[in-house]
Amino acid sequence: MSRFAKLLGLGPKPIMAKSNYIRIEDIKSTSYMKKTAGSGLLMKPDTYYVVASVELGNTTTKCILTATNLRTSRTYLLDKTVKMTRDIRPPKKGEKVFGETVWKVELTKESVSEMVKNTILESLKKAHVDINKDLDFVVRSTGVTAGFASPDEVGDLIIALANGCLEAGIPPRKMSPAMSKENFPERLQEYTYIDQVMFDGAVVSVLPPTGRAVVANEMEGELVTAGIKLGAKWTEVDFRDPCVSMDFGTTLAGRITNSQEPYSRTVGNFCGLAGAISDSIIRGTEKVDKRGGAALDLYKKGIIKGADWKTAKKYAEEAHEHVDIRKVPEGRERFGTVPVDPKAAYAAGTTLIGCDVGKNGDEISELTSFGHEIYEASGIHTLFATLDHVSAMVVKRLIEEAFEEGVVEEGSVLGVTGRAGITGKKPELILEYSKKYFEDVIFVSDALGMGSAMMARCMNSIGTPKVPVGGRHGGPCILGQRRKLQKK
């Protein structure tokens with residue numbers, strides 16, 4: 001920050017890694033002549049790796065099409081198609097309900113498959129992406145497992161997601177890793193290191209917690225961490241290990257990693273409720289659906305203009321009287337409605353930090369009533385300002401808890417993503433709360449989609465050693481270390 005800015009009392013601005021769009025037509029017609037640093041002209045076209053991220057969330061269902069430039073490691077958006085999960089059709093006669101979202105929307109294999117299929121086809125059509133000629137890989141993920149009761153239900157959901165992809169015409173080979181270099185299209189063969197290193201479970205140089213899954217939405221935490229690392233390539237921030245990632249979707253996901261090499265360990269996991277807190281408050285306006293209504297329904301540019309920020313902060317402090325943030329106690333099976341296994345987590349050396357409303361969301365109705373009071377007394381602008389303060393205070397308390405537990409390594413970077421973490425004035429407020437803990441903080445849009453692009457690359461050993469995404473801050477590519485480790 002400049003001396004002039006300091007004199008004016010201006011704080012640092014949040015670093016936002018916004019997704020840049022590119023057209024499939026532009027990818028196909030990439031120029032053969034490109035300037036490269038220090039070496040004149042590169043007489044070779046750029047190669048792009050096209051991935052579809054299919055996400056079924058508690059609030060939204062998405063298909064995000066990305067294209068990664070394998071020379072620069074920068075990932076572009078081709079299309080983002082978003083549907084409201086509450087619009088999944090009701091179960092038909094004879095269909096078995098295997099689970100429900102956090103907001104009690106019932107799910108069947110058939111209804112989920114139908115929603116996924118339609119979302120994929122719409123996205124591919126809008127982006128003019130041909131499944132056979134242009135699409136390289138598909139990654140499926142879900143955050144809906146937070147509302148599930150058993151592993152069987154999770155299994156049914158994974159099958160439903162896969163069926164939706166197959167019904168959309170995605171070949172099975174584009175949903176599972178390749179076995180050899182020859183399995184790749186010719187244009188990608190020089191970018192895969194599959195003959196040198198195998199995929200051993202580490203995604204962007206981070207090992208998941210060992211043993212059993214410790215939180216139901218473990219994959220979400222894995223993908224957003226990878227996605228923030230990839231999104232950081234659009235900024236000057238080196239978001240590599242050690243790092244802290246937080247995803248503010250309806251539920252909370254994220255990780256704390258250490259600086260171990262070649263693979264860092266997941267020493268902390270975030271879980272519980274996130275955007276659901278804001279959604280609960282906004283339902284007090286009675287302007288959104290009582291069952292699946294979200295802050296997203298009413299959010300628009302300028303919604304916080306004219307807000308009373310001082311009053312909003314007081315309201316947020318009152319709302320936080322219902323918010324429980326702490327290390328998950330060992331006896332709990334759920335925290336913030338999310339199934340957890342704290343015993344397995346602590347045995348593996350992973351600290352679980354959760355965010356709840358009451359106990360497993362049992363005080364959500366109080367927040368809705370409070371939202372009604374705020375709306376009646378101060379209006380929609382101050383209500384949305386309250387939501388910004390609420391989310392920023394969640395981040396503040398999560399950070400404080402993580403540092404109190406001693407799981408954040410010195411030199412760590414903080415990354416935040418998700419609708420309830422990067423919209424409105426949240427980034428400025430979060431930056432203010434986190435500045436004494438982190439030197440660098442980055443905000444990334446679409447980190448889950450970017451994480452899917454990164455997951456696809458890791459599973460297929462497609463790397464960019466000159467522009468590494470994994471490894472430690474300031475460090476080189478860990479390909480050599482991985483080779484040595486796997487030879488052992």
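**Helix 3 and beyond**

Tutor: In helix 3, the buried residues are Ser-111, Val-112, Ser-113, Met-115, Val-116, Thr-119, Ile-120, Ser-123, Leu-124 and Ala-127. Buried means under 20% relative accessible area, exposed over 50%, and partly exposed in between, using a 1.4 Å probe and protein chains only. Helices (H or I, at least four residues) and strands (E, at least two) are DSSP runs, numbered from the N terminus. Keep in mind that this is a predicted model: local features need pLDDT of at least 70, side-chain atom pairs count only at pLDDT 80 or more, and totals for chains, interfaces and linings use all residues. Residues are numbered from 1 along each chain as its sequence is written, and side-chain values use heavy atoms, leaving out hydrogens and water.

Student: What span should the 19 residues of helix 3 have?
Tutor: The expected span of a helix is 1.5 Å times one less than its number of residues. For helix 3 (residues 109–127) that gives 27 Å, and its end C-alpha atoms are 27 Å apart, so the two agree.

Student: Which residue just after helix 3 takes a positive phi?
Tutor: Most residues other than glycine have a negative phi, and most peptide bonds are trans. Here, His-128 has a positive phi of about 60°. Lys-104 also has a positive phi, near 70°, and sits in the loop between strand 7 (97–100) and strand 8 (106–108). Lys-104 counts as exposed because its relative accessibility is 55%.

Student: Where is Thr-337, and is it buried or exposed?
Tutor: Thr-337 is in the loop between strand 15 (334–335) and strand 16 (338–339). With a relative accessible area of 16%, Thr-337 is buried. Its phi is positive too, about 70°.

Student: Which peptide bond is cis at Pro-242?
Tutor: The one joining Asp-241 and Pro-242, with omega about 0°. Pro-242 lies in the loop between helix 5 (218–231) and strand 11. The bond from Glu-261 to Pro-262 is cis as well, with omega near 0°.

Student: What joins the side chains of Thr-59 and Arg-419?
Tutor: A polar contact is a pair of N or O atoms within 3.5 Å; within protein, one must be able to donate a hydrogen and the other to accept it, and residues adjacent in sequence count only if both atoms are side-chain atoms. In this case a polar contact of 3.3 Å joins them. Thr-59 lies in the loop between strand 4 and strand 5, and counts as buried because its relative accessibility is 4%.
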